[in-house]
Amino acid sequence: MTKNLVLIAHPNMKESRVNKIWLEELKKYPESIAIQDLYANYPHWQINVTKEQQLVEQHNRIIFQFPFYWYSSPPLLKKWQDDVLTYGWAFTSKGSKLRGKELGLAISIGGAESDYSKEGGDLYTIDDLISPFHATSNLIETDFLKPFTLYKTDDKSDDELEQSAKKYVEYLLSNKIEKFRV
Ligand SMILES: Cc1cc2nc3c(=O)[nH]c(=O)nc-3n(C[C@H](O)[C@H](O)[C@H](O)COP(=O)(O)O)c2cc1C
């Protein structure tokens, strides 16, 4: 069975609606989904690199879960990448310890899907905006997955959020998630 590691980066989980419901749903599947809540576990941003690298090595699918902030992820996830994806581990002349694993994203997005287009207010698509993650995946030799997304988060009822949490877990428990296509 695919062993998922979900790294969650939400700076204000107390006020969250989407990521909080997603997190509560993930907790119901401890055998197939491991959770690392970065802001909860690293309040001072001192990331334990050895522990994080061990966690990654123990799982074959890594998911970055976060609310879309300023067209990107909240900053602790970027710091996680800066600290954990070291030369000699994530990439070397001889290859990567992550080679063959899968890397995916689960993103809650305030804007509407139609905003994220050439014609829409945001100009770029989400697929365009996540290209740094795709490029990273390429460098560390993971298979990049089609992201799990929820748009227009403010308009969603509690019921709709519960449904999206169930769909998210279905996505994670699937042994074959569609690969990202450019
Ligand atoms: C600091 C900040 C920046 C944000 N930037 C964006 C953005 O660039 N694009 C967008 O569609 N929504 C943006 N939003 C809206 C969030 O994506 C949305 O509120 C969040 O995904 C909802 O998830 P939550 O209930 O777990 O917090 C932003 C919100 C905050 C607080």
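Author: A salt bridge is a side-chain nitrogen of Lys or Arg within 4 Å of a carboxyl oxygen of Asp or Glu. What you see above is a predicted model, where local features need pLDDT of at least 70, side-chain atom pairs count only at pLDDT 80 or more, and totals for chains, interfaces and linings use all residues. Residues are numbered from 1 along each chain as its sequence is written, and side-chain values use heavy atoms, with hydrogens and water left out.

Reader: Why is the pair Glu-141 and Arg-99 called a salt bridge?

Author: Their side chains come to 2.8 Å, N to O. The cut-off is 4 Å, so the pair qualifies. Glu-141 sits in the loop between α6 (131-139) and β5 (143-144), and Arg-99 in the loop between α4 and β4 (102-108), so the pair ties together parts that are 42 residues apart in sequence. Helices here are DSSP runs (H or I, at least four residues), as are strands (E, at least two), numbered from the N terminus.

Reader: What makes Arg-99 exposed?

Author: Buried means under 20% relative accessible area, exposed over 50%, and partly exposed in between (1.4 Å probe, protein chains only). Arg-99 has 52%, so "exposed" is the word for Arg-99. Glu-141, at 29%, counts as partly exposed.

Reader: How do you know that Lys-78 and Asp-82 form a salt bridge?

Author: Again, look at the closest N and O atoms: they are 2.9 Å apart, so they fall within 4 Å. Both residues belong to helix α4 (residues 75-84), four residues apart, which means about one helical turn separates them. Lys-78 is partly exposed at 45%, and Asp-82 is partly exposed at 47%.

Reader: How many salt bridges does a search of the whole structure find?

Author: Ten. Among them is Lys-152 with Asp-155, at 3.3 Å. Glu-25, Lys-28 and Lys-166 are linked in a network of salt bridges.
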